Amino acid sequence: MSERGRARGRGRSRPVVPGETSGEPSGAAGVTEPSEEAPISSTLTSLIPTPIVPTTSDTPTSEWSTTEAVPSVQQSAIRRIGGGGTMSIPRGRGLDKLAPHMAGMSIGEHREGRSRGLPIHDESQSRSVDPTRVNFREPGSEKKGTSGDLIPLIANYVRILSAPQWSLYQYHVTFTPDNIDSRKTRRELLGQHKGDLQDVAFDGQTLYSFNDLGDDHEIKSHHEATSQDITIQLHKVAVQGPESPNFFHLSNLIMRKLLELAGMRMIGRSYYQFDKKIDIDRFSLTLFPGFETAVNVYEGALMMNVDLSHKVINNVSIYQRLQNIFAQFQEYKLAQDTAMRELIGQIVITTYNHKTYKIDDIAWDKTPQITFSRRDGKDVSLIDYYQERYQLQIIDHTQPLLVSKPSRRNRRAGITGPILLIPEFCRETGISDSMRSDFNLMKELASYTHIEPTPRYKALMDMVNTINTSPRCRQYMAKWNLRLDDNLTELEGRILEPEVINYSDKSVRYKQQEADWSRDGRSCRHIKPGHLDKWLVVYEGKQKPIANELINTLYNVCTPMGMRVEYPELAELQNDRPETYLKAIEQFCVNQQYNLVLCVLSNNRKDRYDALKKFLCMDTGIPSQMVLMKTLTKRGQLMSVATKIGIQISAKLGGEIWSVPIPSKSLMIIGIDSYHDKKRKQVSVAAFVATTNSQCTSYYSRIVMQTTTQELVDGISVCIRDALKAYFMQNNTMPERIVIYRDGVGDGQLQAVYEHELPQIEQTFSKVQEGYTPKWAMIIVKKRGCSRFFSKNNEQLYNPPPGTIIDHTVTHQNWFDFYLISQCARQGTAAPTHFNVIWDRTTFKVDHIQRLTFKLCHLYYNWPGTIRVPMVCQYAHKLAYLVGQSLHQDFHHDLSNKLFYL
């Protein structure tokens, strides 16, 4: 499914000014619940626009889930971002939101240079720019590779045809008297002259019209509510044409309007087909299929990227959820705490206007009986407000209210009051942590949302045909002199050769379509195995038989891998409480230095997992392995499970499992990713993982706890310095080339990375060693995108094989970027990863960078197969997640050269 609702973000529709009636009233500190003696009225100071649910990819990175037991919390992808290089659709409903997007865009200029990327000290680039227009590639430099076999592909991009011939006149609008703050009222006043103005968009101050009204134009309207005559003055400030670099913003709005005319309804930022909803009664869920679109200029051509999207809505209201929670507890405070823990951070949708909000708090001291002042000065309760506005009757007048805080964009606009929501009218959207842990539920959802290439292609083509054949859509496109192509874009990709997997005793070749060598490599000797010379196994007394069986099986499977496995010391516990585990481990670790502590756990309680990881990772610096009983008791699978555990343990002990040929023998690879610490709200964790040998199989790891951009930049510099020292200690020389794969960066952050991180990294090299100037590159990695590619064979469509490269037609003209499908998607449609080389002084050819990136996707030791990103990015993701979810602090320095976080 589009697991796009997984990240907790918020978006916006049109701003609503104080005094304007909106979907929800906004709470303020002075809002009080009326007493039985005398109701007290209080003004709700501001009304907040609608949040948007962000999106993610529907093909997660391959990884074994049966080895390290992790707590049952959602492994959110880090810093979810949109579109595979496409510009996000401007927020808002319809073309009346155009003005702020067409107002202040600027274009990066081409600069001369001898290699890719602008000079990093170019101060002229410090202004705010459209990130898709920033030139990260020298004009004339090559960005297309040539190696590999050609493969015909179909991409989910539709060309926008015709050359529009029109001009939009931009006017600044003032109203006299100037006491009309409501944008809705202003729009109604302008609407009295609709025949003359032919307005395309109006945001309250700026009007776009097809009519040239001259430099200054004055009209008069009548305000019916106040019986005032209003003078409206329009002053021309600019003329926008289809050749404007901002035209693609307008095109996004046009495409969204077309989806609306085709009968779809917007939820968040995507449009859904309510008439094709799927009721999953067994789990009280409704699934809405739909589409998300983004228009941008790709290699000189205006195209629309369109993909399927699914919205999951729980049919159980938040009010019913609260009722169920309170029925489980006799203690009122405990029930409140449980409700807060389960609901805070969730995205809900209101049943009356289908807007989405993030729950930031629950106001237990407020009820629907509170009152607020309307625009006409009258006080009204929420009960009466919903009855009058939506004809909805609130049943329980004593229920608490949900609180949704304003977004950052709203705060910049001066809107600070929170939205108050009625639980009866709210439904949870997306997939919660508890739902994600339900295997049967996820299996049923996957049957609808993990769509194979052929039906996905058919659904996309049906949407395009609907727009092209609908009379309303055709009439609307004719207004703009636009037309959609009848077919999806066809292009050619290239398939890179499969890699050779090298173990200590032999080499393995895998089948290209599968990209999996688990069967061939399970008994191969590791290049540098980790050894269990002194280790501790902790288990509850009743788990003793299975613990002994696990120890014996580990010995049998690890010995062929080259690992020494001595018999461990055993700690048998009376119960499975966290403090019991901790006390036993503390007693055994006094004056003892174990290679590993293995804990057999009865379940995946997060508090126990966190406590054990904190003690072992922060206090003792001992690698640890958590194993669930249910994993060990699967019938006939202990040997397979123990094999995976053995490989993981070897990697955690600093072992090197397998390698692939790396032509450059003096090369360091760095991966950086970040994750928001859920316990420390204002802190993010940036994880840094670097290779320290020529085969790229040994690693140095660090983290940076950041609250500001500058802290991140400073922290990365320190990490690079320490990683270079570790490399020198191991090789007695410094790397000649360094390639940094930077994950967790959206298009809107590219300029900041370019202006702040790159110069400081450049300065760090000379500080490590005088005169040290390595050839280095930075590549931005984006997993979460809407691009999809289909391989055509006769009449059937298939996923392109692992190793498929796309570096033209649907890439950005001013970027050195490419798509790589490195993984095998066994269900649904493969999701490519987008790589954008924003800085390159390595002198590598285009083919070398693309090939190196594919090679690095083979070196993730948690999975004997290819993954979606270079291994350093996935290792950084695992480290950031562990720290952000469990540790919340830096780990013991003894673990920096081990993959203890697998």
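Me: How many aromatic pairs does the count come to here?
Reply: The count comes to 27 aromatic pairs. Rings of Phe, Tyr and Trp (its six-membered ring) pair if their centres lie within 6.5 Å; planes under 30 degrees apart are stacked, over 60 edge-to-face, and the rest tilted.

Me: Where do these values come from?
Reply: This is a predicted model, where local features need pLDDT of at least 70 and side-chain atom pairs count only at pLDDT 80 or more, while totals for chains, interfaces and linings use all residues. Residues are numbered from 1 along each chain as its sequence is written, and side-chain values use heavy atoms, with hydrogens and water left out.

Me: OK, why is the pair of Phe274 and Phe288 tilted?
Reply: The ring centres of Phe274 and Phe288 are 4.6 Å apart and the planes sit at 40°, so the pair is tilted.

Me: And which parts does that pair tie together?
Reply: Phe274 is in the loop between strand S9 (270–272) and strand S10 (278–280), and Phe288 is in strand S11 (residues 285–298), so the pair ties together parts 14 residues apart in sequence. Helices (H or I, at least four residues) and strands (E, at least two) are DSSP runs, numbered from the N terminus.

Me: Is Phe274 buried or exposed?
Reply: Phe274 counts as buried at 18% relative accessibility, and Phe288 counts as buried at 7%. Buried means under 20% relative accessible area, exposed over 50%, and partly exposed in between (1.4 Å probe, protein chains only).

Me: What lies over the face of Phe274?
Reply: Arg265 does, at 4.4 Å from the ring centre. A charge sits over a ring if NZ of Lys or CZ of Arg is within 6 Å of the ring centre and within 35 degrees of the ring normal. Arg841 lies over the face of Trp839, at 3.7 Å from the ring centre.

Me: Switching to helices: how do the axes of H4 and H12 cross?
Reply: The axes of helix H4 (residues 247–261) and helix H12 (residues 471–480) come within 9 Å and cross at roughly 160°. That makes H4 roughly antiparallel to H12; angles under 35 degrees count as roughly parallel, over 145 as roughly antiparallel, 65 to 115 as roughly perpendicular and the rest as oblique. Axes here are lines fitted to C-alpha atoms, for helices over the stretch in contact, with angles from 0 to 180 degrees between N-to-C directions.

Me: Which residues make the contact?
Reply: From H4 they include Leu250 and Ile254, and from H12 they include Tyr476 and Trp480. Contact means heavy atoms within 4.5 Å.
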